Amino acid sequence: MLSGRRLDLLDPSPLDVEIEDIAHGLARVARWNGQTTGPHIFSVAQHSVLVEDIAVRIEPGLAPRWRLAVLLHDAPEYVVGDMISPFKAVIGGDYKAVEARLMAAIHIRFGLPPEPPAEVAALTKRADRVAAFLEATQLAGFSVDEATTIFGSPAGIFGGAKGVPPQLSPLDAEAAKAAFLERISALGG
């Protein structure tokens with residue numbers, strides 16, 4: 001890692017997890033394998049900020065520590081990259097085990113339990129699917145019908161007091177890193 005830390009992928013230590021490494025890596029990992037519009041990739045860092053925003057729209061009273069857990073939901077990808085879900089399923093248990101150990105180390109580093117409570121995990125998954133819908137329709141060339149079939153409808157998440165859906169525009173890596181670090185700081189990470 002650029003921080004000088006050496007993270008053991010098979011036995012990661014929370015002591016070797018640095019937020020700067022996470023932010024730097026996630027800002028350079030492309031969602032959709034880079035198959036998005038715009039002059040920059042839509043990074044996992046930017047996606048993570050979006051998912052946290054959506055989670056708070058769904059659950060406005062969400063405690064800051066659980067917002068932090070949502071923000072960090074893809075943090076292991078700073079080391080292993082972003083693989084599409086069908087490919088993760090083909091790789092199977094070994095990949096999931098490595099990812100789970102990384103996530104546990106990251107969570108512990110930031111004062112969170114190794115695994116979030118079931119309701120936080122469910123909220124994160126729901127917000128992640130809404131983010132995927134928005135990314136698919138705004139950046140990756142999917143029709144609304146196609147995205148709804150794959151990710152479900154974001155109905156009820158936006159409108160009224162919850163506001164309009166965000167208009168996504170991929171940021172350069174430094175801006176995505178800064179946005180991610182700003183959210184981490186705001187949430188006490």
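Author: In what follows, helices (H or I, at least four residues) and strands (E, at least two residues) are runs assigned by DSSP and numbered from the N terminus. The model is predicted, so local features require a pLDDT of at least 70 and side-chain atom pairs a pLDDT of 80 or more, while totals for chains, interfaces and linings use all residues. Residues are numbered from 1 along each chain as its sequence is written, and side-chain values use heavy atoms, with hydrogens and water left out.

Reader: Where is L7 found?
Author: The numbering of helices from the N terminus supplies the reference. L7 is found in the segment before α1.

Reader: Is L7 buried or exposed?
Author: Residues under 20% relative accessible area are called buried, those over 50% exposed and those in between partly exposed (1.4 Å probe, protein chains only). The relative accessibility of L7 is 13%, so L7 counts as buried.

Reader: How many salt bridges does a search of the whole structure find?
Author: Side chains of opposite charge can pair when their charged atoms come close. A salt bridge is counted when a side-chain nitrogen of Lys or Arg lies within 4 Å of a carboxyl oxygen of Asp or Glu. Searching the whole structure by that criterion gives a total of six.

Reader: How many residues apart in sequence are the parts that K177 and E20 tie together?
Author: K177 and E20 form a salt bridge with their closest N and O atoms 3.4 Å apart. Because K177 lies in helix α9 (residues 173–186) and E20 in helix α1 (residues 19–26), the separation in sequence is 157 residues. K177 is buried at 14% and E20 is partly exposed at 42%, and the parts joined by this pair are separated by 157 residues.

Reader: Where does R28, the partner of E174 in a salt bridge, lie?
Author: The side chains of E174 and R28 meet at 2.7 Å, N to O. This pair links distant parts of the chain, 146 residues apart: E174 is in helix α9, and R28 is in the loop between α1 and α2 (44–58).

Reader: Which helix holds both D53 and R57?
Author: The closest N and O atoms of the D53–R57 salt bridge are 3.0 Å apart. D53 is partly exposed at 30% relative accessibility, whereas R57 is buried at 17%. The two residues are four apart, about one turn of the helix, and both lie in α2.

Reader: Which residue has its backbone nitrogen 2.9 Å from a polar atom of the side chain of Q46?
Author: Q46 is in helix α2 and, at 12% relative accessibility, counts as buried. Beyond four places in sequence, Q46 touches S169, P170 and L171. The backbone nitrogen at 2.9 Å from the Q46 side chain belongs to L171.

Definitions and conventions: A polar contact is a pair of N or O atoms within 3.5 Å; within protein, one must be able to donate a hydrogen and the other to accept it, and residues adjacent in sequence count only if both atoms are side-chain atoms. Contact means heavy atoms within 4.5 Å.
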